[in-house]
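Welcome! Take a moment to look over the sequence and the model, and then let's walk through some questions together.

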Amino acid sequence: MLQGSQSWVFQNQPVILSTGVVGGPFEKECRVANDFDKFHDDLWMGQDSYEKAQRVLLEDAVQIALRKKGVKEDAIQFFLAGDLINQITPTSFAARTNQIPHLGLFSACAVSTQGLALAAMIINNGGAKRILTGAASHNASAEKQFRYPTEYGGQKPPTAQWTATGAGVALVSVNENLQHPHPRVISATIGKVIDLGLKDPFNMGGAMAPAAVDTIQRHLFDLKIDPSYYDLIITGDLAEIGRNTALELFNEKGLSIDEHLFQDCGLLLYSPEQEVFAGASGPGCSATVMYGHLLNQMAKGVYKRILVVATGALLSPLSFQQKESIPCIAHAVAIEYS
């Protein structure tokens with residue numbers, strides 16, 4: 001089960017039975033819009049706060065994932081999810097709605113793969129038969145907490161990123177009696193907290209790149225495989241600045257990764273016409289791209305093996321105000337389709 005120092009290999013290969021992917025009005029125009037299940041027409045989503053709207057995103061994604069397989073909430077053992085907002089309240093309130101035993105998670109924008117890795121671990125070892133896992137973010141709630149409310153109209157530098165309004169959820173299950181191919185969770189590598197002293201909250205990609213590189217390097221070393229083993233290695237939300245930094249770090253470490261093999265959800269989500277500075281960010285970024293676009297591409301035969309490395313900046317408004325640097329983390333999950 002444990003391979004190397006930081007990686008798990010899942011002998012029973014839990015499967016992703018279904019997914020639910022929901023977005024906001026801006027995401028309706030994104031590059032991978034056809035891979036979403038539902039869009040909301042406004043950021044409020046019928047609520048009186050953006051945090052409550054974020055809760056709705058996650059509730060919708062959960063219901064869609066369950067509905068696709070005709071499964072009820074009481075057939076699910078655990079709900080593993082998290083977000084960026086204080087005390088992960090949107091996620092906790094969504095768990096209040098679905099009444100599934102809940103494990104709240106926090107790895108900032110890396111929570112999507114953290115949840116998938118833990119879900120696979122629990123199922124692989126017989127701790128559950130079905131688990132829901134996912135993540136959500138909302139542009140306006142994140143801006144309000146970490147920067148300035150959107151109504152303020154504050155200017156941003158080119159290194160800034162656009163927090164995605166979206167939620168992605170997966171129904172993970174034991175691998176048995178399946179008549180059709182499904183995505184299988186093969187392995188996972190749990191990342192270390194890496195902090196190189198960056199303090200600029202408008203350059204999350206640059207801050208997170210070293211953590212992503214460290215986790216990818218450890219995954220390959222632990223599993224004794226070459227980067228070419230995968231059809232795609234994709235990070236969560238490094239965006240343009242972070243991806244370029246990661247490529248430079250790979251070269252410095254002597255790790256040969258094809259530039260076309262190495263992609264980023266933050267660059268894939270939005271179209272070139274959408275003004276999102278360096279790219280997308282937020283837990284909803286990697287969750288929607290992974291559980292929507294990437295798994296659909298696998299079902300079409302575009303990819304057979306992918307490594308998803310969601311990335312997270314573990315800062316808070318308090319740590320920023322106390323002039324702390326930005327510790328970062330990345331968790332990797334390998335998915336194969338057969």
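Q: Is Cys30 buried or exposed?
A: A quick note before we start: this is a predicted model, in which local features need pLDDT of at least 70, side-chain atom pairs count only at pLDDT 80 or more, and totals for chains, interfaces and linings use all residues. Residues are numbered from 1 along each chain as its sequence is written, and side-chain values use heavy atoms, with hydrogens and water left out. Buried means under 20% relative accessible area, exposed means over 50%, and partly exposed lies in between, using a 1.4 Å probe and protein chains only. Cys30 has a relative accessible area of 7%, so Cys30 is buried.

Q: How many disulfides does the model have?
A: A disulfide is a covalent bond between the sulfur atoms of two cysteines, and here the pair must have its sulfur atoms within 2.5 Å. For Cys30, the closest cysteine sulfur is in Cys285 at 10.0 Å, too far for a bond. For Cys109, the closest cysteine sulfur is also in Cys285, at 7.9 Å, again too far for a bond. By this rule, the number of disulfides is zero.

Q: Which angle class describes helix α1 and helix α2?
A: Helices are DSSP runs of H or I with at least four residues, strands are runs of E with at least two, and both are numbered from the N terminus. Axes are lines fitted to C-alpha atoms, for helices over the stretch in contact, and angles run from 0 to 180 degrees between N-to-C directions. The axes of α1 (residues 50-69) and α2 (residues 89-98) come within 8 Å and cross at roughly 50°. Angles under 35 degrees are roughly parallel, over 145 roughly antiparallel, 65 to 115 roughly perpendicular and the rest oblique, so the class of α1 to α2 is oblique.

Q: How many charged residues are in the contact of α1 with α2?
A: Contact means heavy atoms within 4.5 Å, and this one is made by Glu51, Gln54, Arg55, Leu58, Glu59 and Val62 of α1 with Pro90, Thr91, Phe93, Ala94, Thr97 and Asn98 of α2. Ala, Val, Leu, Ile, Met, Phe, Trp, Tyr, Cys and Pro count as nonpolar, Asp, Glu, Lys and Arg as charged, and the others, Gly among them, as polar. Next to five nonpolar and four polar residues, the number of charged ones is three.

Q: What is the angle between α3 and α8?
A: Helix α3 (residues 111-124) and helix α8 (residues 283-299) have their axes 8 Å apart. They are oblique to each other, and they pack at an angle of about 55°.

Q: Which residues does Ser112 touch, not counting residues up to four places away in sequence?
A: Ser112 lies in helix α3 and counts as buried at 0% relative accessibility. Leaving out residues up to four places away in sequence, the residues it touches are Ala135, Ser286, Ala287, Met290, Tyr291 and Ala310.

Q: What is the phi of Ile88?
A: Most residues other than glycine have a negative phi. Ile88 is found in the loop between β5 (78-82) and α2, and Ile88 is buried, with a relative accessible area of 13%. Although Ile88 is not a glycine, its phi is positive, at about 40°.

Q: Where is Gln13 found?
A: Gln13 also has a positive phi, near 45°, in a residue other than glycine. At 24% relative accessibility, Gln13 is partly exposed. Gln13 is found in the loop between β2 (7-9) and β3 (15-23).
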